Amino acid sequence: MPIEKRAKWAQLKVGIMALVALIILAVLIFLLTGSQSLFASRFTLYTYMEDSAALAEGSPVRLNGILVGKVEKIALSGSKEPKRLVRLDMKIDEKFIKSIPSDSVASIGAENLLGTKYINIKSGKSTATVKPGQELASLDTADFEALVQQGYPLLTSLQDILTKVNAIVGQVEVGKGSIGKLLVDEELYDRLLSITNEAQKITEALNSGKGTAGKLIYDDQLYNDVRGSIARLDTLMDGLQQGQGTAGKLLKDPALYDDVRQTIGQVRTLLADLNAGKGTVGKLLKSDDLNNRIQATIARLDKTIDRVNSGEGTIGQLLVNPALYDSMNGATKELHGLLQDFRRDPKKFLRIKLSLF
């Protein structure tokens, strides 16, 4: 018999331990899944809405974003009024009863476009606070639905962007494109490494003062020359600002500016006269009669040149007839010889004879 008693006592202890473990497990589950105290006192508030917007029982109830309770019940109200079709009962911690003004407004919110929905109570301005079992005013859920609908195109765009990014990443992984080749092509990597090494050598050369750029950085004489050039340029700019020289006077002298403006005006007048066909040049530009005359003169001149080239007339014979050219050349030589003899002995050709009867 003592053995049977010990067995029953052992079974009783196992049952008690199992019961305690179940109680502890239930408490832990409640603490992990809920955010309210197990033994906190609560009161009920309710509100009416047109649509529950897929709100679930047990959803959080927040006061200006702070958790104060949960939704206890969601049911059809049986009312025919459009804005009182759904009744929502809310269990609120009693410690918040003095923090909720009686003119507060309840609305449905969401942590994000895909997050859990909740009831958000926006505090009113009344000095009186709510009482247990009181009805709260509510906002139309159509605004919330419109907000969600507006978010769908954004989600679609984000999905398209993610698809494109995924495609780009896939191409990069297989070595397509410049980035892909940079990741998988060893030859391109070696080229970039070579370019980096060359850039490092150039940097070392600059640091050592080699080359024009390096001397500009480290050579005081070249630096002073550059400073001197800049100083002369600054002096030149000061002279221009003071009106020195032709360029300075053009910038600062009103008389020269007026002369330039007057000259420009005269040029404009001249161009206007030319466009109007005034003067010889204007007529040349605008007059068809003068143009026709010039064209006729050019045509006659062209015919004369053609006749000369064909050997007509004295000038034409002179150009194309070798015998006439030789004759004129011989006559020229004889005349040249005669002039030379005359210069050597003028008396030979100049004789004065006086005779008397």
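User: Is Y48 buried or exposed?
Analyst: Buried, because Y48 has 12% relative accessibility. Buried means under 20% relative accessible area, exposed over 50%, partly exposed in between (1.4 Å probe, protein chains only). Keep in mind that this is a predicted model: local features need pLDDT of at least 70, side-chain atom pairs count only at pLDDT 80 or more, and totals for chains, interfaces and linings use all residues. Residues are numbered from 1 along each chain as its sequence is written, and side-chain values use heavy atoms, with hydrogens and water left out.

User: How many aromatic pairs are there?
Analyst: The structure holds 1. Y46 and Y48 form an edge-to-face pair, because their ring centres are 5.8 Å apart and their planes stand at 90 degrees. Rings of Phe, Tyr and Trp (its six-membered ring) pair if their centres lie within 6.5 Å; planes under 30 degrees apart count as stacked, over 60 as edge-to-face and the rest as tilted. Y46 counts as buried too, at 17%.

User: Which residue lies over the face of Y48?
Analyst: R84, at 3.9 Å from the ring centre. R87 lies over the face of Y46, at 3.9 Å from that ring centre. The test: NZ of Lys or CZ of Arg within 6 Å of the ring centre and within 35 degrees of the ring normal.

User: Switching to strands. How do β2 and β6 run?
Analyst: Parallel, joined by 3 bridges. V61 has I119 as its bridge partner in β6. Strands are DSSP runs (E, at least two residues), numbered from the N terminus. Two strands pair if DSSP finds at least two bridges between them.

User: And which sense for β5 and β6?
Analyst: Antiparallel, over 6 bridges. A110 is partnered with K117 of β6.

Technical notes. Helix = DSSP H or I, 4+ residues; strand = E, 2+ residues; numbered from the N terminus.
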